[in-house]
Amino acid sequence: MKLSSSHMDNIPSTPGKFKMEKSPYVHRFRHYSSLAKLTFWSSVFLALIILFFFKSPSTSPPNSTPPDLSRRSLKTTFWGGPAWEKRVRSSARIRSQNGLSVLVTGAAGFVGTHVSAALKRRGDGVLGLDNFNNYYDPSLKRARQALLERSGIYIVEGDINDAALLNKLFEVVPFTHVMHLAAQAGVRYAMENPSSYVHSNIAGLVNVLEVCKNANPQPAIVWASSSSVYGLNTKVPFSEKDRTDQPASLYAATKKAGEEIAHTYNHIYGLSLTGLRFFTVYGPWGRPDMAYFFFTRDILKGKSIPVFEGSNHGTVARDFTYIDDIVKGCLGALDTAEKSTGSGGKKKGPAQLRVFNLGNTSPVPVTDLVSILEKLLKVKAKRKMMKLPRNGDVQFTHANISFAQREFGYKPTTDLQSGLKKFVRWYVSYYDSGKKNSH
Ligand SMILES: NC(=O)c1ccc[n+]([C@@H]2O[C@H](COP(=O)([O-])OP(=O)(O)OC[C@H]3O[C@@H](n4cnc5c(N)ncnc54)[C@H](O)[C@@H]3O)[C@@H](O)[C@H]2O)c1
Ligand SMILES: *[C@@H]1O[C@H](CO)[C@@H](O)[C@H](O)[C@H]1NC(C)=O
């Protein structure tokens, strides 16, 4: 058994580390009674215990002071040992001919859960990895985990920055593919907690690529970029060749950085890399920080919802893409990914490097989104019209998907009305039946 942690290093792990006799403090307090000594050391221990709980970022709410990056913990969880390895192997076992064996990072996330389930259904081996952070309600991540567990998918609890853990996973399973979806998502939250974006989207990505490059054989990697890389680009629809050098948020900047980092690892080490620029994904088991989700919650609660309009009353619109269409795109990208060419950290020849838009190609004004929800929920929304702040969100997104269509037949088939119907059905049954708190 191995304890994978780093924040433990900041705290004495055993009381034995305090050699009272040798401490300079003890000598100064020599003339004190032993009762005073006892009181003193008890309070030191109490303080350390309190410190331990408050230092752990996983127990602090997302809107509290972000933890110092250098002290950020890599989620303390036990891993290793024969029983654990058996569980890992069994989850990743391929059950169909020519099946893949895929490590899915961010498997307890919205997209990760759906992709993992789809891979498993068709007989691929799937192992999940997720740190279950509390950026949004972790109980939703636990519920997704339980769902995957029922189809035999194990999610290892750990951070993508934990190199020892990742190396171990590759030692146990020779993954053919990595579906890298773990990331700090959200545009607004980047102003509150910028270091979480650096930690997961930059440092974490580099760690995943480092481990993949050293693996033998190297896996092919498909990972989630974002439509947000188009930033202030005004040419529509957005094509992969358009400029992406004007990000409007730190989130977008870290995804753009990821695309450049991917280029480097492809160039130097021969890793096969495919980036997918998702356009506003929605559906059952979705993310509570996204508008369609909290609009639904707040409309049902009779709370007013902020509806943004662009400058000069311009429409704010999104190319909403239904989760099943995104899943098909992810599987298409995995299935057409060529093998990495390197081995043991050395490049043997040029490898595949791709970027695809995965959108729906039909932008819908956010006001229409609200009208559809009103009809489905049979409740009138209290709209609070507001100016779109210039702090991250762009006014309009629209994907040109002809490249993905050509390469792997990507063709979205769900319009916003039918997709939201499925989302609302899930939402109502999830939060009603279990009497779960939607906050
Ligand atoms: N949903 C969208 O509309 C959308 C749009 C564009 C891009 N994306 C990208 O797609 C991917 C999946 O998005 P999602 O909507 O499923 O988000 P999500 O937040 O539901 O899923 C991400 C998962 O990654 C995990 N995670 C985060 N940091 C981690 C770390 N350091 N180590 C281990 N696990 C970590 C989280 O716990 C979470 O379960 C992300 O990379 C996101 O940036 C999503
Ligand atoms: C969409 O992108 C393709 C390249 O993948 C390009 O040939 C085509 O002209 C673009 N379509 C539009 C409408 O911009």
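Helix α6 packs against α8 through a defined set of contacts. Ala-163, Leu-166, Asn-167 and Phe-170 in α6 meet Asn-207, Val-208, Glu-210 and Val-211 in α8. Two residues are in contact if their C-beta atoms, placed from the backbone, lie within 7 Å. By class, this contact has five nonpolar, two polar and one charged residues. Ala, Val, Leu, Ile, Met, Phe, Trp, Tyr, Cys and Pro count as nonpolar; Asp, Glu, Lys and Arg count as charged; the others, Gly among them, count as polar.

Two packed helices are described by the angle between their axes and the distance between the axes. Here the axes of α6 (residues 163-172) and α8 come within 10 Å and cross at roughly 35°. Axes are lines fitted to C-alpha atoms, for helices over the stretch in contact, and angles run from 0 to 180 degrees between N-to-C directions. The crossing of α6 and α8 is right-handed. A crossing is right-handed if the near helix is turned clockwise from the far one by less than a right angle, and left-handed if anticlockwise.

The model is predicted; local features need pLDDT of at least 70, side-chain atom pairs count only at pLDDT 80 or more, and totals for chains, interfaces and linings use all residues. Residues are numbered from 1 along each chain as its sequence is written, while chains are lettered from A and ligands numbered from 1 in the order in which they are written.

**Overall fold and core**

The protein has 14 helices and 15 strands. Helices (H or I, at least four residues) and strands (E, at least two) are DSSP runs, numbered from the N terminus. Of the 439 residues in the protein, 41% are buried. A residue is buried if 20 or more other C-beta atoms lie within 10 Å of its own, exposed if 12 or fewer, and partly exposed in between; C-beta atoms are placed from the backbone. Among contacts with a separation of 6 or more, 81% join residues 24 or more positions apart.

In soluble globular proteins, nonpolar side chains tend to be buried together. The largest nonpolar core in this protein has 97 residues. Such a core is a set of buried Ala, Val, Leu, Ile, Met, Phe, Trp, Tyr and Cys residues joined through C-beta atoms within 7 Å. Val-102, Met-179, Val-222, Cys-330 and Leu-334 have the most contacts inside the core. Helix α11 (residues 323-336) gives the most to this core, with seven residues. Leu-334 touches Leu-100, Val-102, His-177, Met-179 and Val-222, not counting residues up to four places away in sequence.

Lys-328 also lies in α11. Lys-328 counts as buried because it has 20 C-beta neighbours inside 10 Å. Lys-328 and Val-115 are 213 residues apart in sequence, yet 8.5 Å apart in space, C-alpha to C-alpha. Glu-149 lies in helix α5 (residues 138-150). Glu-149 has 13 other C-beta atoms within 10 Å, so it is partly exposed. The C-alpha atoms of Glu-149 and Ser-91, 58 residues apart along the chain, are separated by 9.3 Å.

**Ligand shells**

There are 27 residues around ligand 1; Gly-106, Gly-109, Phe-110, Ala-183 and Ala-224 come nearest. A residue is near a molecule if its C-beta atom, placed from the backbone, lies within 6 Å of it. The elements that give two or more residues to this shell are α4 (110-121), α8 (194-214) and β7 (220-226). Helix α4 gives the most, with three residues. The shell around ligand 1 has twelve nonpolar, eleven polar and four charged residues.

Around ligand 2 are Pro-237, Ser-239, Asn-400, Ser-402 and Phe-403. They divide into two nonpolar, three polar and no charged.

**Backbone exceptions**

Most residues other than glycine have a negative phi, and most peptide bonds are trans. The table lists departures from this.

| Site | Feature | Angle |
|---|---|---|
| Asn-216 and Pro-217 | cis peptide bond | omega about 5° |
| Val-236 and Pro-237 | cis peptide bond | omega about -10° |
| Trp-285 | positive phi | phi about 65° |
| Lys-378 | positive phi | phi near 55° |

Pro-217 lies in the loop between α8 and β7. Pro-237 lies in the loop between β7 and α9 (250-269). Trp-285 is in the loop between β9 (281-282) and α10 (291-301). Trp-285 is buried, because 20 other C-beta atoms lie within 10 Å. Lys-378 lies in the loop between α12 (366-377) and β15 (382-387). Lys-378 has 6 C-beta neighbours inside 10 Å and so counts as exposed.
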